[in-house]
Amino acid sequence: MTTPHRRHRRLNKIIRIHKEGYSILASVFVFLAILNIVLIYLGVGRTACLVNLTISVLAFCFVLYFFRSPQRVISVSDESLLVAPADGKIVAIEPVEVQEYFGGQRMLQVSIFMSVFSVHANWYPLNGIVKHSRHQDGRHMAAYLPKSSYENERSFVVIEANNGKEIMLSQIAGALARRIVTYAAVGHPAVQNEHLGFIKFGSRVDIFLPLDSTIYVEMGERVSGNQTIIARLQD
């Protein structure tokens, strides 16, 4: 079987700000603006004001960078191919028993760890129908730890591909992540190139696939959301 080209060219390089960042960016901007105005009003000195202004600009730029949302478009003719749902580093490829929805069925788990410098938008990895969507509260330990898949706050989304195979994605909160946003709703279509959700401030995405799936990524490899082909589902 021919290995597919696992990285596709971006068709749109425009980078926008994700809608999940609007309110946070507005709050940060107002807070920093008030802080700088108060310092000027108190007359703390020109040097101190300049230092604070510089730190404020850098802090705002970092939050702005975190909520970037590159407009990536991929065209995959073979619907059995899965595209990476998130940016990050592959930290697990292993068979596991999946209790959620699948009742202990053994599946292949592929995990992507997202640092605070990764794009935190999540994409649908293939076309299909959303069969299951659930949020579960939990801990907020470091997302790169294996236990985070089972103990951290997380959401589950099961997608039935157009070939009838079912996969599951789990968005997992990390030590800094305090909110998982999931747009997937049961019965709604899963459409490639559209966002499945967003995870705020460091996290992880687990993908659970049938055992006979072909994996095209390796441990430690860095992948790009909605660009890197990570696996193929068998017909």
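**A strand pair and the pocket beside its residues**

Modeller: Let's start with Trp123, which sits opposite His195 of strand 12. Keep in mind that this is a predicted model: local features need pLDDT of at least 70, side-chain atom pairs count only at pLDDT 80 or more, and totals for chains, interfaces and linings use all residues. Residues are numbered from 1 along each chain as its sequence is written, and side-chain values use heavy atoms, with hydrogens and water left out.

Strand 6 and strand 12 (residues 195-200) run antiparallel and are joined by three bridges. A strand here is a DSSP run of E with at least two residues, a helix is a run of H or I with at least four, and both are numbered from the N terminus. Two strands count as paired if DSSP finds at least two bridges between them.

That pair belongs to an open sheet of three strands, ordered 6-12-10 and paired antiparallel. Strand 6 (121-123) and strand 10 (179-182) are the edge strands, each pairing on one side only. On average, neighbouring strands in this sheet are turned by 15° against each other, ignoring direction. Axes are lines fitted to C-alpha atoms (for helices, over the stretch in contact), and angles run from 0 to 180 degrees between N-to-C directions.

Back to our two residues: Trp123 and His195 are both among those lining the largest pocket, including also Ile17, His18, Lys19, Arg72, Tyr183 and Asn193. A pocket is an open set of points on a 1 Å grid over the protein atoms alone, where a 1.4 Å probe fits, with protein on both sides within 12 Å along at least five of seven lines; lining residues have an atom within 4 Å of a point. The volume of this pocket is about 150 Å³, taken as the space filled by probe spheres set on the points, which are joined across faces, edges and corners.

What is the lining made of, by class? The count is five nonpolar, five polar and two charged residues. Nonpolar covers Ala, Val, Leu, Ile, Met, Phe, Trp, Tyr, Cys and Pro; charged covers Asp, Glu, Lys and Arg; the others, Gly among them, are polar.

There's another open sheet of three strands to look at alongside, with order 3-16-14 and antiparallel pairing. Its edges are strand 3 (81-83) and strand 14 (214-215), each pairing on one side only. Strand 3 pairs with strand 16 (residues 229-232) over three bridges, in the antiparallel sense, and there Leu81 has Arg232 as its bridge partner.
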